[in-house]
Amino acid sequence: MNEVYTQFPTGQAWLKRYQGCLPILACILGFTETGLISGISAAGATPDDRKYTALADAEYLINGTQPYPTYPLPPLTVGASPVYISRAVIESFNLPVYLFNSGLITTPSVPHIDLQGIAARCVSTGQALPLNIVEHLFIQGMEWGEKLAQNAKNSYLVIGECVVGGTTTALSLLTGLGIAAHRKVNSSHPQCNHQQKWLIVQEGLQKAKFSHPLELVASVGDPMQVVAAGMAMTASQSVGVLLAGGTQMLAVYALIQALNHPVNWDNIVVGTTRWVAEDPTGDTVGLAEQLKTVPLLATQLNFAQSIYPQLIAYERGFVKEGVGAGGCAIAAHLYANWTNEKLVKAIENRLFKNSHLKKL
């Protein structure tokens with residue numbers, strides 16, 4: 001149920017090392033005004049919906065289905081939020097969850113750790129975040145990586161994210177680091193909007209001024225990236241780290257490489273879904289191979305036989321990943337050797353509690 005796509009020996013060794021271990025989930029929430037551009041993301045049907053996607057996902061991640069949520073999950077054009085996947089695993093195994101606000105437009109409605117960041121401006125400005133905020137968030141990430149590693153002894157840390165528009169900020173970060181990422185990144189659309197992303201990124205990079213990786217994040221990044229990088233660096237020195245995501249976490253991995261701080265590389269993998277790893281409209285594997293050392297893993301979770309059309313939509317390329325969904329699915333297979341059928345049933349049980357979602 002868990003496949004290794006790059007750096008096979010290292011990836012297989014990592015999976016073997018953490019077989020039967022219950023991880024800790026750290027989910028980092030962030031916001032970039034890039035996510036409000038029309039058509040840039042399918043993580044919310046309208047720009048106004050996308051303002052609250054991270055807040056809604058956070059609430060569902062912690063509370064599950066509630067009769068009157070403060071932030072209801074936003075309507076998607078097609079599909080269902082990947083938070084259903086993550087929540088199914090959290091509920092089933094009582095997975096410890098730490099929620100981090102790295103920079104949102106307003107405060108989440110559920111218990112969280114406020115890192116005192118701010119929401120990012122659009123990538124196209126070339127001035128996404130103040131450098132002092134980026135430096136502060138990096139230190140916060142490193143400090144929390146150490147703290148969480150102490151709680152995850154003999155196990156691993158799953159680092160997930162929720163940043164609408166985050167694959168565009170990932171493209172800008174990767175490009176700024178000298179990696180040929182154009183037409184290789186993913187999106188929540190079935191056909192990736194490469195040209196739209198590229199024009200936005202080019203505009204931002206032309207305006208940007210940077211000579212250091214943190215200055216690059218300040219120019220064209222988002223607040224999640226630098227927190228995740230710092231957290232992974234320090235945590236990796238004593239426990240395993242699963243960077244749970246596709247394009248966005250490959251960008252975080254590249255940032256870690258560029259920052260050149262002490263890291264135990266054998267302990268860090270990137271884990272996503274096969275919808276991302278095998279996305280025919282991107283090239284996730286090719287992107288990972290450019291980073292040389294990164295083991296790319298993916299859950300083989302398959303919704304083809306689901307009773308919900310919202311889940312079957314994943315098989316048509318919609319949604320694909322988010323909120324640590326791929327990492328949580330990998331954890332379910334690792335910890336309890338769950339089959340595809342068992343995981344799909346657990347996810348469908350969460351959807352069943354939402355009466356507006358109809359079965360086939």
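**Stop one: a covered strand**

Select residues 156–162, strand S5: this strand is mostly covered, with seven of its seven residues buried. Strands here are DSSP runs of E, at least two residues long, numbered from the N terminus; buried means under 20% relative accessible area, with a 1.4 Å probe and protein chains only. Keep in mind that this is a predicted model, where local features need pLDDT of at least 70, side-chain atom pairs count only at pLDDT 80 or more, and totals for chains, interfaces and linings use all residues. Residues are numbered from 1 along each chain as its sequence is written, and side-chain values use heavy atoms, leaving out hydrogens and water.

**Stop two: the neighbours**

(Two strands pair if DSSP finds at least two bridges between them.) Click Ile24 and look across to its bridge partner in S5, Leu157.

Next, bring in residues 240–244, strand S6, which pairs with S5 in the parallel sense over four bridges. Leu157 turns up again here, opposite Val241 of S6.

**Stop three: the cysteines**

How many disulfides are there? Counting pairs of cysteine sulfur atoms within 2.5 Å, the answer is zero. Go back to Cys162, buried at 6% relative accessibility: its closest cysteine sulfur, in Cys27, is 6.5 Å away, too far for a bond. Finish at Cys192, buried at 12%; the closest cysteine sulfur to its own is 16 Å off, in Cys122, again too far.

Methods:
Buried < 20%, exposed > 50% of the residue type's maximum accessible area, 1.4 Å probe, protein only.
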